[in-house]
Amino acid sequence: MDDGEYYNLMLKKQAKAIIKQVLENAKKHVEQLLIKEGKGEYQIPNIEWVTSKDFTVTIGAKQIEKYVSTFPVEVYFFFESNRLLHRPGQSRFKEKWLKDIIESKILLMEEVNF
């Protein structure tokens with residue numbers, strides 16, 4: 001086994017360990033949130049993750065979406081200096097907002113000397 005193959009093997013092992021720890025931590029966090037909310041015992045389903053040899057982006061995305069759908073998460077966002085609350089699927093994103101923010105940052109960077 002050459003150095004490149006060994007490096008890839010070690011990288012895959014490290015990535016697998018990190019992913020396993022992240023998933024365990026996420027599950028514990030969700031369980032604690034549910035207990036705090038008084039929803040009682042809730043079993044988070046165990047998803048049979050696809051093996052690396054059968055992995056495709058489509059399958060991976062579906063499995064992640066299925067897993068994340070078990071989390072009690074509320075998503076919203078604000079744009080800089082705007083007090084309007086945006087929620088995915090409820091407010092339409094306008095590229096002009098992002099363009100305005102970027103342009104104002106560029107103008108500010110041109111005026112401020114670091």
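Helices are taken here as DSSP runs of H or I spanning at least four residues, and they are numbered from the N terminus. In the predicted model, Phe 77 is placed by this scheme in the loop that lies between H2 and helix H3 (95-111). The secondary structure of the protein chain amounts to three helices and zero strands, which follow one another along the sequence in the pattern α-α-α.

With regard to burial, 10% of the 114 residues of the protein chain count as buried, and the chain exposes about 10,600 Å², of which carbon and sulfur atoms supply 58%. Among the contacts that link residues at least 6 apart in sequence, 30% join residues at least 24 apart.

Gln 63, which has its place in helix H2 (residues 57-68), has a relative accessible area of 12% and is therefore classed as buried, since the cut-off for that class is under 20%. When the neighbours within four places in sequence are left aside, Gln 63 is in contact with Ile 47, Glu 48, Trp 49 and Val 50.

Note on methods: Residues are numbered from 1 along each chain as its sequence is written. This is a predicted model: local features need pLDDT of at least 70, side-chain atom pairs count only at pLDDT 80 or more; totals for chains, interfaces and linings use all residues. Side-chain values use heavy atoms; hydrogens and water are left out. Helices (H or I, at least four residues) and strands (E, at least two) are DSSP runs, numbered from the N terminus. Buried means under 20% relative accessible area, exposed over 50%, partly exposed in between (1.4 Å probe, protein chains only). Contact means heavy atoms within 4.5 Å. Accessible areas come from the Shrake-Rupley method with a 1.4 Å probe; for residues, only the protein chains shown count as cover.
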